[in-house]
Amino acid sequence: MTVAASHVPGSAQGRGQAHAVVIGSGFGGLAAAVRLAARGFRVTVLEKLDAPGGRAYVHRRDGFSFDAGPTIITAPFLLEELWNLGGRRFEDDVDLRLMDPFYRIRFDDGRVFDYSGDADKVKAQIAQYSPQDVAGYDRFMAMSEKVFKVGFEDLAHVPFTNLTDMLRIVPDMAMLQSYRTVYGMVSSYIKDPFIRQVLSFHPLLIGGNPFTVTSIYVLISFLERKWGVHSAMGGTGAVVKGLVNLVEGQGTEIRYNAEVERILTRNGKATGVRLATGEEIAADVVVSDVDPATTYGKLLAEHPRKRWTDGKIERSKFSNGLFVWYFGTKRQYPDVKHHTILLGPRYKELIQDIFKRKTLAEDFSLYLYRPTATDPSLAPEGCDAFYALAPVPHLGGDADWETQAEPYRARIAKYLSDSILPGLEDQIATSLVTTPLDFKHRLNSHLGAGFSLEPILMQSAWFRPHNKSEEVEHLYLVGAGTHPGAGVPGVISSARVLDRVVPDASTFV
Ligand SMILES: Cc1cc2nc3c(=O)[nH]c(=O)nc-3n(C[C@H](O)[C@H](O)[C@H](O)COP(=O)(O)OP(=O)(O)OC[C@H]3O[C@@H](n4cnc5c(N)ncnc54)[C@H](O)[C@@H]3O)c2cc1C
C-alpha cells in the first residue's frame with residue numbers, strides 16, 4: 001500500500017523534520033506526543049472523538065461536568081516528568097489534592113473502612129474488625145514494597161522487545177511469588193474475609209481479577225502509600241486539558257473527528273495512515289494508542305501478521321466491561337466521600353460471574369465517585385455530581401445492553417437510595433449511562449472491554465503486545481493493552497518506553 005498525499009509537508013521522505021503520527025488522544029497518546037515532540041519530531045495527534053482524553057473524556061450536561069473514566073491519580077511524578085519535558089511546571093497548570101481517606105469502603109452490612117496511606121489509621125481499623133490481622137498487615141505492606149521495587153521501579157519502563165528481557169526477570173518473579181494471585185498473596189497474611197477484600201480489590205481498578213491476576217499487582221498498595229491518592233481540582237478533565245495545552249505548546253497539532261481507518265505500510269514499514277474520510281497522512285513513525293486488538297485486527301487488517309493474528313486476538317483474554325451511570329443530584333450528600341467503594345453481598349462469586357461465567361448478576365459492587373466533595377464547581381450550586389461504576393462482563397457475555405441498561409441502572413439507583421444516597425430517585429437532575437457497547441463503538445475497544453487485555457501473567461510484559469510492534473517497523477504501541485498495562489500510571493509509562501525503542505528523529509531526515 002502506498003501513501004498518496006501528505007496532510008502536511010515535510011518529513012517522511014527525508015525532507016525537513018521527522019514526522020510522527022499518534023493515533024488516539026488518551027493519556028497514552030498524549031504522553032507519547034509530549035515525548036516525541038521533546039525528541040525533535042513534528043507530531044500530529046489524530047483523535048476519532050470530538051474532544052481529547054479517550055477513557056478520560058469529559059461529559060458535560062445541564063451544568064454538570066462528569067469525568068468519564070479515571071478519577072484516582074497516583075504516581076503524580078509521572079505527570080510532572082511530562083510537564084518538564086514540555087518545558088512547563090505541572091503545579092502551575094494542575095491543582096492536585098491528596099485524598100484522605102483514599103477510599104471509604106462500605107460493606108453490604110453497613111460497616112465502613114476508611115482506607116488510606118496512614119498505617120496507624122489503617123491498623124486501628126483492622127484492630128477493630130480483626131485484631132489478629134494487624135501484624136499481618138505490616139508484613140503484607142513489606143511484601144508490597146518489595147514487589148513495587150521490582151515490578152514498578154525496575155520493570156515498568158523496560159521495552160520487553162526480546163524474550164531474553166523476559167527470561168532475565170524470571171528469578172525475581174519467582175522470588176516475589178508472581179505465580180500466586182493477588183487474593184492468594186493477601187490471604188497468606190490476612191485471615192479476616194472483609195480485610196482480605198479491603199487489601200485485594202485494587203486490581204479491579206485496572207481490569208484485573210484479584211483471584212487470577214498475578215500477585216505483582218499487590219505493588220499498587222505500596223505505590224498508593226508512597227505517593228498518595230490524588231484528585232485534580234476541576235476533575236481529571238483538568239489534567240487532560242493541561243496535557244493538551246502542553247502538547248499544543250510544543251507545536252503539535254491535535255485533530256479531532258479524525259478517525260484512522262488504516263495504518264499504511266510499504267516493505268514492512270509503517271509509512272502513514274489513512275483516515276475514514278480517505279485522506280492520507282505520511283509519517284516516519286506511527287504510534288497507536290488504540291486498543292492493540294483493534295490496531296492489529298482493524299487498522300492493520302490487510303497487513304500479514306506473524307504474532308497478533310486474528311486467531312491470537314480471539315484466543316486472548318480481555319478485561320471486564322464497565323457499566324457507568326453519571327448523574328447529577330438536585331441536593332448535596334455531604335456525608336459521602338470523594339471515593340466510595342460499595343462492596344455487594346458476594347465477592348468471589350460475583351467476580352467469577354463477571355470474569356469467568358460472563359453473566360450479568362442481579363447484585364453488584366460499585367465504585368461511587370463524588371468529585372463535588374472536593375470541587376463543588378463541577379455541579380450547579382447546591383448540587384452534586386456523581387458517577388457509579390459497576391464491573392460487568394465484557395461483550396462476550398450474556399448481557400443485552402440495549403434492553404438491560406435501564407433496569408440495571410434502576411437497580412443501582414435503588415441500592416444507592418437504600419444505602420448512602422437516601423431519596424436518590426427523586427433527586428436526579430441529569431443522567432447518562434454508558435455500557436460496554438459504548439466502549440466498543442466510541443473507543444474501538446475489542447469486546448467493549450474497559451481495560452483492553454486482561455493483566456494475567458501470560459499476557460504481561462513480553463507476552464503483551466510490544467511497545468515496538470512485532471509486525472511492522474516504525475510502528476509503536478502505547479496505552480492500556482500494551483506493557484506495562486492499564487491505569488493512568490501504566491499508560492504514561494508505556495509512552496516512557498518509547499524513548500528506548502523509537503530511533504532519534506535525526507535518523508529520518
Ligand atoms: C470508568 C473508568 C475508570 C477508571 N478509573 C481509573 C482511575 O481512577 N485511575 C487510573 O489510573 N485509571 C483508571 N482507569 C483506567 C484508565 O483510564 C485507562 O487505562 C487509561 O486512561 C487508558 O488510556 P489509553 O491511552 O490506553 O487510551 P484511551 O483512553 O482508551 O484512548 C484511546 C483513544 O484512541 C481513540 N481512537 C480509537 N480508535 C481510533 C481511531 N481509529 N482513530 C483515531 N482515534 C481512535 C479513542 O477515541 C480514544 O480517545 C479507568 C478507566 C475507566 C474506563
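**View 1. The largest nonpolar core.** The largest nonpolar core of this predicted model holds 123 residues; F27, F41 and I105 have the most contacts inside it. A nonpolar core here is a set of buried Ala, Val, Leu, Ile, Met, Phe, Trp, Tyr and Cys residues joined through side-chain atoms within 4.5 Å. Buried means under 20% relative accessible area, exposed over 50%, and partly exposed in between (1.4 Å probe, protein chains only). Leaving aside neighbours within four places in sequence, I105 is in contact (heavy atoms within 4.5 Å) with R111, V112, F113, Y115, V198, F201, I341 and L343. Another core, of 25 residues, lies apart from the largest one and includes I23, V290, I313 and L475. In soluble globular proteins, nonpolar side chains tend to be buried together.

Numbering starts at 1 along each chain as its sequence is written, and side-chain values use heavy atoms, with hydrogens and water left out. As the model is predicted, local features need pLDDT of at least 70 and side-chain atom pairs count only at pLDDT 80 or more, while totals for chains, interfaces and linings use all residues.

**View 2. The largest pocket.** The largest pocket has a volume of about 320 Å³. On a 1 Å grid over the protein atoms alone, a pocket is an open set of points where a 1.4 Å probe fits, with protein on both sides within 12 Å along at least five of seven lines; lining residues have an atom within 4 Å of a point. Points are joined across faces, edges and corners, and the volume is the space filled by probe spheres set on them. The lining has 19 residues, and A293, T294, K298, N444 and H446 are the closest to the pocket centre. β10 (260-266), α11 (292-299), α12 (310-315) and α15 (436-441) each give two or more residues to the lining. Helices (H or I, at least four residues) and strands (E, at least two) are DSSP runs, numbered from the N terminus. α11 gives the most, with five residues.

**View 3. F318 in its loop.** F318 sits in the loop between α12 and β14 (321-329). F318 is buried, at 6% relative accessible area. Beyond four places in sequence, F318 touches D291, A293, I313, H394, H446, L447, A449, S452, L453 and E454. F318 and F451 are 133 residues apart in sequence, yet their C-alpha atoms are 7.8 Å apart.

**View 4. Helix α13.** In α13 (residues 348-357), L350, I351, Q352, D353, I354 and F355 are buried. The buried residues of α13 pack against β17 (384-392). K358 follows the helix, with a positive phi near 55 degrees.

**View 5. Salt bridges.** The structure holds 28 salt bridges, each a side-chain nitrogen of Lys or Arg within 4 Å of a carboxyl oxygen of Asp or Glu. E302 pairs with R262, their closest N and O atoms 2.9 Å apart. This pair links distant parts of the chain: E302 is in the loop between α11 and α12, and R262 is in strand β10, 40 residues apart. R262 counts as buried, at 17% relative accessibility. Shared partners join R346, E349, D353, R357 and D363 into one network of salt bridges.

View 6. R168 pairs with D165, the closest N and O atoms being 3.5 Å apart. Both lie in α6 (residues 163-175), three residues apart, about one turn of the helix. R168 is exposed at 60% relative accessible area, whereas D165 is buried at 14%.
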